[in-house]
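Me: I am new to this structure. Can you show me how to read its features, one at a time?

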Amino acid sequence: MAHRGELIPAYLDGEVTGEEKEWLEEHLAVCAHCREELQALEEVGLLLSEAPLISPRPGFTARVMARLAQREARRRLTRVAPALVAVSLILTFLALLSVAGLLLPWWDTLAAPASLVNLGFDLLLRFVETSTTLAQACSFLLSATLGALLPRLLLPYSFLTLGLMMVWARLVIRAPLVLKN
Amino acid sequence: MPFEEAHGREESGWVREALAGHQGAFARLVESYQTAVYNLAYRMLEDAGDAEDAAQETFLRAYSQLRSYDPARKFSSWLLAIAAHHCIDRLRRRRWTISWEDIPLGRNLSTGRNVEREVERKEEREEIRRLLERLPPDNRLMVILYYWNDLSCRQIGEIMGLGEGAVKSRLHRARRMLAQGLREERESASCRSSVAMGEVP
């Protein structure tokens, strides 16, 4: 076996056999270096094992639970996010389609303009014309739809509003309720 | 031990309830383990504000990873493993950032946190802090888990991905470094006091 001092760690942790313990103690009686080392290590062990556990400031649990509620609310919102992105993509696509539809009749003029001034007037005139027609068409469509559907839409609309309010209440009002727990 | 067994049963009930979405049950787990986790973070990071944040983050991570917890394992070891890895990560990140407190000017500007720290510092606590500071993060973590959290070398090995033998030898090396540090501290303290008494010219 190597130097007897190598048994010191096991000795400190109480993991030596009776024979090994005797063997080391014999050595400690004559070796000042190992004695000093053992004493220093015991002192460190004592200092650390007597050091108290440090507690957080009061109200730690409430602070954790408040952060948890915030994080959960954010997580719920991110679950809705893909749907929002999809809706906005569809709307963008529709908008692009209608812009393309607006530009289509002017395509020949845009491709071969007679003169820039003429083109400018032409564009302005057509824009006004199209917008007026479009606005008229939209208002007609809207009033016709609403007139026909309003009585039937009213109930689903109320439910939707109620549902949204409940979602809001769950996300926003729940946090302080959890805090009190 | 009957108490530990009963506590363990209660604890696994809380974990089950928390998994079912009862936040009150999770709050009980936080209440039970806040000191163990905070102490680990405080001893690792040596800053009350950082320790608070790291301890909170540990519980948030535990909540989101609760499904991966194996009930055959001790809940405390699982939780302390999350805390330990988080603190080591923070220390690594801290190497690349400069804290205001590292700038000497910052020490003179007495902020709320500094005052709070002044109050809670006692001589002995300060000595332990200075000693732990000498250790590299991995060794410091072992010492904390061994002495304050009462984990065995095998449990520490599980947390750190090391064998029991490796933990024992590193722990011993850490203890020797601490002993060396303690000796130096005491020597410089006695040197200071003899200078104060005028024994040394």
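Me: How do helix 2 of chain B and helix 3 of chain B lie relative to each other: parallel, perpendicular or oblique?

Reply: Start with the general idea. Two packed helices are described by the angle between their axes and the distance between the axes. Now this case, in a predicted model. The axes of helix 2 and helix 3 of chain B come within 8 Å and cross at roughly 135°. Angles over 145 degrees would count as roughly antiparallel. The two helices of chain B are therefore oblique to each other.

Me: Is the crossing of helix 2 of chain B with helix 3 of chain B left-handed or right-handed?

Reply: Helix 2 of chain B passes helix 3 of chain B in a right-handed crossing. On the helix 2 side, the contact includes Phe26(B), Val30(B), Tyr38(B), Ala41(B) and Leu45(B). Among the helix 3 partners are Ala48(B), Ala51(B), Ala54(B), Thr58(B) and Tyr63(B). By class, this contact has 13 nonpolar, two polar and one charged residues.

Me: How should I read a nonpolar core?

Reply: In soluble globular proteins, nonpolar side chains tend to be buried together. Here, the largest nonpolar core has 58 residues. Leu40(B), Ala41(B), Met142(B) and Leu145(B) have the most contacts inside this core. Helix 2 of chain B, residues 23–45, gives the largest share of the core, 12 residues.

Me: What does each chain bring to the contact between chain A and chain B?

Reply: The size of an interface is often given as the accessible area lost when the parts come together. Here we count residues instead. Chain B gives 27 residues and chain A gives 23 residues. On the side of chain B that touches chain A, helix 2, helix 3 (48–64), helix 8 (137–147) and helix 10 (164–196) each supply at least two residues. Helix 2 of chain B gives the most, with 10 residues. That side of chain B has 15 nonpolar, seven polar and five charged residues.

Me: How many helices and strands does chain B have?

Reply: Chain B has 10 helices and zero strands. Of its 201 residues, 31% count as buried. Now look at sequence separation. Take the contacts in chain B with a separation of 6 or more: residues 24 or more positions apart account for 65% of them.

How values were computed: Residues numbered from 1 in each chain as written. Chains lettered and ligands numbered in written order. Predicted model: local features only at pLDDT ≥ 70, side-chain atom pairs only at ≥ 80, totals over all residues. Core = buried A, V, L, I, M, F, W, Y, C linked by C-beta atoms within 7 Å. Buried ≥ 20, exposed ≤ 12 C-beta atoms within 10 Å, placed from the backbone. Helix = DSSP H or I, 4+ residues; strand = E, 2+ residues; numbered from the N terminus. Contact = placed C-beta atoms within 7 Å. Nonpolar A, V, L, I, M, F, W, Y, C, P; charged D, E, K, R; others polar. Axes fitted to C-alpha atoms, helices over the stretch in contact; angles between N-to-C directions. Parallel < 35°, antiparallel > 145°, perpendicular 65-115°, else oblique. Left-handed = near helix turned anticlockwise from the far one by under 90°.
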